[in-house]
Every structure is written in C-alpha cells, then in structure tokens.
Amino acid sequence: MAAAIFLIPQDRFKKIILLLTSSGHLLATVSLWPMPRDIQFNSFLGFDALSQLILNLISILFFVVSIYLISYLKEKRRRSNRIFIGCLLCLLAAMTLVTMSRHMGLLWIAIAATTLLSAPLINYYRTPQSIEAAWKYLLISSLGIALGLLGTLFLAISAISIKTVFLGDILNNATVLSPSWLKLSIIFLLVGYGTKMGLAPMHTWKPDAYGEAPSPVGALMSGALTGCAFLAVFRVAQICFHAHLQRFVMPIFILLGILSLGISAVFILGQKDFKRMLGYSSVEHMGILVLGIGLGGGGIWASLFHMVNNAFAKGLIFLVSGNLNQIFRTKRIENIQGVIHRFPITGICLIIGFLVITGFPPFGIFYSELLILKEAIMTRQYMVVLFYLLFLSVIFFGYARIVLNMALGQPKEGHHHGIKEENFFMVMPLIILLLVLFFSGIFVPGPLYSLIDDASALLEGM
Amino acid sequence: MWLELALVLIILPGIIILGNNRLGTIIQLFALQSLVLSTIPLLIHPGIHAFVMAVATVILKVFLMPAMLFWAIRHVSIRREVQPLIGYGKTLILGGLLIGVAFLISSKLDLPDKEISNLLIPSAFSIVMIGFLLLVSRFKAITQVIGYLIMENGIFLFALLLLEKTPLLVEMGILLDIFVAVLVMGIIINHINQEFGSASTINLKNLKD
C-alpha cells in the first residue's frame, strides 16, 4: 500500500489513500475486539492483552491524525508530500509489527525501523532547525537502539541453554537464564529502549524533535511511538519479573522515573516555546509510566491506564498546537494570546487538554497519578512520594502560567499572518479526540477496563 | 589460530581510524575491517548459514556502504576532519585504555557454554567502545556515521557467538535496518551540507534551552 504512494504523483490521491489505509487499519483493529486476548499467528507474530491495548491506541490516533492531515497538508503546499505520506504509512506498518512481534530480535528490528521512518517526518520543513532536530534524533536514537541490540544479544547469550529468544520460551524458562549475562542485558535493553521512550538522562533529542516536527507528526510520536517503546520496556520488565529479579530492576525503574520528572519540571518552568514544552511534558509522563512499573502492585495497572490517557491527551494537545501554528505562524509563547476569543473551539480544546495532561480531577490522568501515589505510600517509599508530589506541582504551575495566558489573555492586535478561521478538518479531529478522552478517562467502558486488567496481569501475576 | 589472527586484524583498523583524519582512508579502513569480519562466521561454524551471512556482509558493508560514504564525501567535497573534540593523540591513548577495560570486563563474565575463542568477547567489546569513542569525539557528520558503523561491527561479532541459535531471517532484518540507517543518515548529511555549507555538526547548535 505504502509503495503505491511513491508512484502516484497527484497529492490529492495520496491523501485519499492515506485516509483509506488508516480507516482500514482501524476497522481491522476493531474486528479484533470480540476475539480472545492471546492469538498466535506463527512463532514470530501474535497478540496478547498488552499488544492489543497498544494497537488500539496506535490505530485510533493514526486515524485521527490522517483526518487532520487533509487540511494541514493543503496549508503547507510548498513541496510534494510523496516522501511524507509514504513514510507515514510505513511507520504505521512498523508500529503494528512492534505490537505483534513475539521474538526479541524481531521486536528490535521493528523499533529500529520506526526510528528510521520517523526521521524524514521530522525533517519535513527542511529548515536549519528541523535538520538539526532530525540529525540529533537519528544519531541519539540509533545509538540507543544499537545498545538495545547489544542487550538483545546478551539476552540470547544468557538464554544459551534454551537456544531461542522467542518471548514465550524465555518467559517459561526465565529461571534457568544465566543471571550475570541477564543483568547486563537488562541494563543495556533499558538504556536502549529507554532512549527511544525518552527517559531522563537519554531524553535530549525529545524537545528538539517534538519542537521542530510538524504537529501531526508530534501527535503520532508522543502518543503512538512512545507507546511502542513502552511496550518494549514492558517486555523487559516481564522477563525480569519472571526471572525473579524484581529487587534488582525496580530501583532502576524508580530512579529513571523520578529523574525524568525532575528534569522536565526544571525545564518546563522557564519554557518559551510551546512545542518544546510539550516535549518535556512527554518526558514527564514517560517518567510516571516507568515509576508506576517500578512500584509494582497496583502501580502497574495505573501505569497502563495512564499510558492510554496520556496518548490521547498528547494527541489532542499537539493537534491544538498545529492549529495555533497555522493561525499565528509562531511557536513562541509570548506571541500567542487570547486564543479563546477568536477561535473558540481550539481555545476550549487547549484548556481541556491542559487540564487533562496536568491531571486535573475529573479526568483519567488524575486517577492514575493518584493510584501511583497510593502505591508509593503503601510500599513506604516516602522519598519517592515527596519528590513525586513536588515535581508534579511544579509542572502544574509551569503549565498553568503558560497555557492560561495563551488561552485567556487579551488578544494582541495586528499579529495575524495565518488563516482567519477554523475549518471543518481542523476541528473535527479535536472533537473525536475529546470524545475518546471522555470514554477512556471519565466513563471507562467495561471492555477497556478488562483489557487493562489482563495486560497488567502479565506482570502482576508474579 | 586463524580466528585469533582475524580478530587482531579487526581491531587494528579500528585503532588506526582513531588516529587518522583523512576521511577517504577512514572509509577504506572500515571496508577492510568489514571484509575481515565477514570471514569470521566461516571460521567459527562452516556451513550454509555462515556462508549466507558472509556474503550478505561483504555486499552490504564492503561494497554498498563504503560506496555510499564515498559518494557522500565527494558530494559535499570534504577531505579531512578539521577540529576533533579530543585531539588525535589523546583519542589513541583513550582507545588503548578502553581496550584494556574491555579485556577486564570480559574476564569477569563467564560464558555458560563452551568458549569458541577467548579473544572473541574482548575484541567485540573493544570494537564497540572504539566506535563509541569515534562517535562522540568527532564533529564531521560522516565520521560520526562511521563510528556508528564500527559499533555495529562489534555488535555483529557478539552475534556470531549465537550464530546457530538465531534465525537467518532476523539477522537479515538487522543488516537491512543498519543499511537503511546509513542511507537516511547520508540523505540528512546532504541536507546539512545544503543548508549550512559544510557537513560539520558544529553548526548544529540552534536548539537549546
């Protein structure tokens, strides 16, 4: 399907194909709903509860983004979008492969492919800044991914007695793995996939890449792609838990989580660029995810629930930032003011997105952050509790200062270079995402609830 | 015996690359390293699987990737590294130290299975570290790419320990991924050159907080 994109010259047809593929993908994903959780196609490919959860995330986000792109690409007509849409579709295929792979080597291949396919997407505008962002992203991620490959090989060496790295075989025989090589492999795998996820010491590409990528790409990267990287980290945790290495790995997860929260809190406070701020916010939420896993118990459920809500909320707020970019032609925060007076729907979505992402009460993220807090108190890790609350409140303050002024302040006169009013395709995806957020956070339907239950049982059962 | 000789021949080009500033020579040395590397699967486990691996390595790493890198330096017309972050002498000394560290680490790790050669793991570690050093100490985008590739060569050596256990399909996928990585990097180097007038990553300093 994606190959056809490169052959078709007309931009209009390519958009139609994009839309068709994404809705086809969504339909295929939906058709998986009534099926059982564990499906094995062959020894390499298969689903379990977690991969179904993440596949749903990817599919819904991609569908929404493809609707959004209809008007967005019309706006940026300066160059042909052949490479852009081709890479986008290949990215969808690679992300689907990530969720389906049941072999650690295949998982690595798919994740490396997502890195390579998203680099041209970041470089869409070809400005000096976007080239710099793409180069940093490519180099840092490739380096991290190479370390991940090394970790995969160490895992295979530790599994030399069972002679495979199929996930099922490793999990069943985890106790016979050689412990010294396994520990080494876990460290390398965590550094590798943690780089891809954007955890704190390895996060440096994230604000640059998110800041310079076109907003729809940012929405996909912060929602779907981090989901894929989280899946890989979750697999590593699964292997550790099966090998009874909880005591070794949990402090690492907690440390990475707290570090990510701290760094993003520091940088969000003084931020002048809206999209870079979103990049740091993504670092923060990835930190919360691994913190939840590191605490174990109810933290794992909370972390999965958090991932779902974070993905849709990030999608929403990145698409809002795309609208703002089209309206104001700038990402500087001081030049964007009083959105709600002129563009009511974008403005309202901006405020709702802000409330969701900082964990304001009625929404899902509030609930999952509370659950993680509860888990930290229950396990008596009071230092973690202290830092967690401190950093979250600093981040809330930093966000509020920026977003409320953007949304509610007095609009400046004579600052309009962009489009004059919101059109259907700009608003429609936002409303879909609001609906999805409503169902994933406030009024959670039974099937989603049980899917998250099953996915967290993959770790909790230990 | 032949295996040990080949391993030494793999580490040597790595060390020479650390002390060299001519990009053309560096690429040739990388091709030489990959050529020696491709014979190792045949030396360890002769067979069809090893033969396919060797042929794929020769095609990709000895011909295609160096050809692409040569195309890139001709295209952006640069010949040598100008100002490395760490001087050549110091890089060489650091490289020597890292090789020592590699031997130290590998003496601590024990293989659960029988050993093929007790030089294999230390040399794989050394090459990974040399590649990493090259990647962080140079500014030219092309040298950074070569550093990445040398790291991958080291990882490939590790993979040879497991040659009988991993499916051929997975190995081919890994090689393909690396090839595409170099392709994408090559294209972006070209963009850097068009935009800044030189392919040096020193220019990339617009984005910071």
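In the predicted model, one residue pair, with both members at pLDDT 80 or more, is in polar contact between chain B and chain A. Helix 5 (120-137), helix 6 (141-161) and helix 7 (168-196) of chain B each contribute at least two residues to the side of chain B that touches chain A. Helix 7 of chain B provides the largest share of that side, 15 residues. Sorted by class, the side of chain B that touches chain A consists of 31 nonpolar, nine charged and five polar residues. No salt bridges are counted between the two chains.

The extent of the interface was also computed. Contacts between the chains involve 45 residues of chain B and 44 residues of chain A. Together, chain B and chain A bury about 4,000 Å², and carbon and sulfur atoms account for 79% of this area.

Chain A was then examined by itself. Its secondary structure comprises 19 helices and two strands. Along the principal axes, the C-alpha atoms of chain A fill a box of roughly 70 × 55 × 45 Å. The radius of gyration of chain A is 21 Å, which agrees with a compact globule, because a globule of 462 residues would have a value near 23 Å. Of the 462 residues in chain A, 65% count as buried. Among the contacts in chain A with a separation of 6 or more, 80% are made by residues 24 or more positions apart.

How values were computed: Residues are numbered from 1 along each chain as its sequence is written. Chains are lettered from A and ligands numbered from 1 in the order in which they are written. This is a predicted model: local features need pLDDT of at least 70, side-chain atom pairs count only at pLDDT 80 or more; totals for chains, interfaces and linings use all residues. Side-chain values use heavy atoms; hydrogens and water are left out. Contact means heavy atoms within 4.5 Å. Buried area is the accessible area (1.4 Å probe) that two parts lose on being put together, summed over both. A salt bridge is a side-chain nitrogen of Lys or Arg within 4 Å of a carboxyl oxygen of Asp or Glu. A polar contact is a pair of N or O atoms within 3.5 Å; within protein, one must be able to donate a hydrogen and the other to accept it, and residues adjacent in sequence count only if both atoms are side-chain atoms. Helices (H or I, at least four residues) and strands (E, at least two) are DSSP runs, numbered from the N terminus. Ala, Val, Leu, Ile, Met, Phe, Trp, Tyr, Cys and Pro count as nonpolar, Asp, Glu, Lys and Arg as charged, and the others, Gly among them, as polar. The radius of gyration is taken over C-alpha atoms; the globule rule is 2.2 Å times the number of residues to the power 0.38. Buried means under 20% relative accessible area, exposed over 50%, partly exposed in between (1.4 Å probe, protein chains only).
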